[in-house]
Amino acid sequence: MTRHLAGLCLAFLFAWAQATPSVMLVDSYHAGYAWSQAWRSSLMASLGGKVRFLYAELDSKRQPRDTLEPRAAQILVQIQRLQPDLVLVADDAALRFVGARLAGSKTPVVYLGINQNPRHYLQEHAANVTGVLERPLVRRNVSLMRQLVPGIQRVLLLFDNDLTSEVIQEELFGRASTLQDGKVQIDLVRAIDYADWQRQVSQAPGRYQAIWTGLYQTLRDANGKVVPDSEVIAWTAANSTLPLFAFWDFAVGADKAVGGLVLSGRDQGRLAAGLVQQILFQRRQPGSLFPLNGGSGQLLFSRGALQRFGLQLPPAWAGQVRLIE
């Protein structure tokens, strides 16, 4: 009887695997990165039990940029071997190095977390591709935080020198590193390493009235080792004498940034899951589904960080803000 039941279970699992669509998740980063954890958990909450997930990572936050091409080539071989029903590419590196190679093929491709205009990566008529865009809310963020810190005239946007940071600067600033938004000058600096990041934070007072932390996950120390992102943001929060704001929810906390109008990987995963469902279960063609905007952001703040910097939220924001801690 036991063998018979075991055989039935195996037969059921095999039949389920054969009938259930497979989705290959190609992550630009790695499973331990907070952004990746957020969109993955949201995606799985929406699609869990409906699809089989396969996984691949470019690990671009920790690996040198010149390793991306060969890693992408290995992933493309894996896709060819496994023949997933759909490939989901997360963030710019995965779309550039993997998703773009599948454009025009029979394999549906959904992207998320894309900062660059997708046309920059794709063929002009990539009818098998659609997805979710991600745009840091720079102007709105600065405008809203002026209500929190009156007198802001010049602010620093501090990023690492990663591919994503490069794309964000290109999309928002063009060839420049400064833009004028009304009475506020917004400067974007891409730190070349951790020492440069620390120098920028230390030298900011006197030139700026506030700092926005962008991306900081690829900063390396003097030995060429990637500094843990938790260490970077904790040092920045502890050593910045200027109010510290953020564009993403993972950078907000008692020992992190105060807050801001932030984007979330959860929203990216939820929206991408909706596109996947339409393609796999409603038989919609990706080209018939317009790319989605990743959301209007949320006002998220840390009680501890607000207290540390002596800031109080405007009464007019009541009911609009999510406080943590």
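Guide: The model is predicted. Six strands make up the open sheet, with parallel pairing, and their order is E2-E1-E3-E4-E5-E12. The edges are held by strand E2 (52–57) and strand E12 (292–293); each has a single partner strand, so one side of each lacks a neighbour in the sheet. Helix H3 (residues 68–82) packs on the sheet and touches strand E1 (22–27), E2 and E3. The direction of H3 makes about 160° with that of E2.

Further along the order, strand E3 (residues 86–90) and strand E4 (residues 109–114) run parallel and are joined by four bridges. One of the pairings involves valine 87, whose bridge partner in E4 is valine 109.

Strand E5 (residues 129–133) contains threonine 130. This residue has 1% relative accessibility and therefore counts as buried, the cut-off being under 20%.

As for the setting, the protein has 10 helices and 14 strands. Its radius of gyration is 22 Å, close to the 20 Å given by the globule rule for 325 residues, so the protein is as compact as a globular protein of that length. Buried residues account for 52% of the 325. Of the contacts between residues at least 6 apart in sequence, 68% join residues at least 24 apart.

Definitions and conventions:
Residues are numbered from 1 along each chain as its sequence is written. This is a predicted model: local features need pLDDT of at least 70, side-chain atom pairs count only at pLDDT 80 or more; totals for chains, interfaces and linings use all residues. Side-chain values use heavy atoms; hydrogens and water are left out. Two strands pair if DSSP finds at least two bridges between them. Helices (H or I, at least four residues) and strands (E, at least two) are DSSP runs, numbered from the N terminus. Contact means heavy atoms within 4.5 Å. Axes are lines fitted to C-alpha atoms, for helices over the stretch in contact, and angles run from 0 to 180 degrees between N-to-C directions. Buried means under 20% relative accessible area, exposed over 50%, partly exposed in between (1.4 Å probe, protein chains only). The radius of gyration is taken over C-alpha atoms; the globule rule is 2.2 Å times the number of residues to the power 0.38.
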